[in-house]
Amino acid sequence: MLYTKIYTAKNPEAAAKIAADQFEAAIKQKPACVIGLATGSSPLPLYRELIAREQRGEIDFSRVRSANLDEYKGLPADHPQSYRFFMQENLFDHISIRPENTIVPDGLASDVEAMCMAYERKIEDWGGVDIQLLGIGHDGHIGFNEPCDHFPLWTHEAALTEMTRNANKRFFDSLDEVPTAAFTMGIGTVMAARRIVMIITGADKAEILYRAFFGPVTPEIPASVLQLHPDVTLVCDEAAFSLAAQKTV
Ligand code: GLP
């Protein structure tokens, strides 16, 4: 673990406040900054905190641009389980960000390669991601970059592992309804962000936190690549940090 800054908070709500401070600072420094966003349950307390801060007049999202990490293949934007829908419900509909300044990969893209290239180009045209939010899967995936024998570079179509489909089936009526593929930023896209904030909360993430940040860098644990990024802030709660705390004393 070369450069990672680690904050350990009492609980997910306290962790969210620490992460929100990072986003607030980035937006104050550059009002039209580009933020990379994530889905899953880990970012939810952060999104609630950011909404509250804008309502109190502490942040202004009106010039911010955002690019999401990933989207399920085959789900339209208005599908309740799509990540576009998730972002509208949990963040975008409650802040002043302009709809045209939010991008999420198109789950219905027919020309996948063209959509993925256009996604990369849009981020590049915006000047690159200033601050990227990440969660982590139990197998160490980031976005939908699953464990494999190499680090996929750019936005691409990814097959979902059974572990990920099972972890995400809680949002669907049954496992059969969980898509088997997704579109995701690549590891190269993520690593090109100037700053990265990863949120890890809950005892069920203690083992993967330890392996990702205190073990070898390997595409078998995609998040371990973050050890090589010069500006990563890991914000976790005590439960998620428990194994690392035991092993690193
Ligand atoms: C999904 C998302 C990831 C997210 C992961 C963990 O697979 N594609 O971006 O990090 O879930 O989600 P949670 O925070 O709910 O554990």
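Modeller: With Asp 130, which counts as buried because its relative accessibility is 11%; buried means under 20% relative accessible area, exposed over 50% and partly exposed in between, with a 1.4 Å probe and protein chains only. Before going on: this is a predicted model, where local features need pLDDT of at least 70 and side-chain atom pairs count only at pLDDT 80 or more, while totals for chains, interfaces and linings use all residues. Residues are numbered from 1 along each chain as its sequence is written, and side-chain values use heavy atoms, with hydrogens and water left out.

Colleague: What does the side chain of Asp 130 meet in a salt bridge?

Modeller: The side chain of Arg 194, at 2.8 Å from N to O. A salt bridge here is a side-chain nitrogen of Lys or Arg within 4 Å of a carboxyl oxygen of Asp or Glu. Asp 130 sits in the loop between α4 (112–125) and β6, and Arg 194 in the loop between α6 (187–191) and β9, so the pair ties together parts that are 64 residues apart in sequence. Helices (H or I, at least four residues) and strands (E, at least two) are DSSP runs, numbered from the N terminus.

Colleague: And Arg 194, buried or exposed or partly exposed?

Modeller: Partly exposed, at 44% relative accessibility.

Colleague: How many salt bridges does the count come to?

Modeller: The count is 14 by that rule. One of them joins Glu 24 and Lys 28, at 2.6 Å from N to O. Both residues lie in helix α1, 4 residues apart, about one turn of the helix. An α-helix has 3.6 residues a turn, so residues three or four places apart point the same way.

Colleague: Which of Glu 24 and Lys 28 is exposed?

Modeller: Lys 28 is, with a relative accessible area of 51%. Glu 24 counts as buried at 16%. Both belong to a network of salt bridges that also links Asp 21, Glu 49, Arg 53, Arg 56 and Glu 58.

Colleague: What about Glu 162 and Arg 165?

Modeller: Their side chains meet in a salt bridge too, at 3.3 Å from N to O. They lie 3 residues apart in helix α5 (residues 162–168). Glu 162 is partly exposed at 46% relative accessibility, and Arg 165 is buried at 9%.

Colleague: Which way do the residues of β3 point?

Modeller: Arg 65 and Ala 67 point one way, Ser 66 and Asn 68 the other, and all are buried. β3 is also joined to β5 (residues 102–103) by 2 bridges, running parallel. There, Ser 66 has Thr 102 as its bridge partner, and Ala 67 stands opposite Ile 103.

Colleague: Back to α2. What do its buried residues pack against?

Modeller: They pack against α1 (12–29), β2, α3 (83–90), β6 (131–134) and β9 (195–200), where contact means heavy atoms within 4.5 Å. Among the buried ones are Leu 46, Tyr 47, Leu 50 and Ile 51. Just after α2, Gly 57 has a positive phi of about 80°.

Colleague: What about the sheet of 3 strands?

Modeller: That one is open and antiparallel, in the order β4-β8-β7. β4 (70–72) and β7 (156–159) are at the edges with a single partner strand each, so one side of each is left without a neighbour in the sheet. β7 and β8 (residues 181–184) are joined by 4 bridges, with His 156 opposite Thr 184.

How values were computed:
Pairing = 2+ DSSP bridges.
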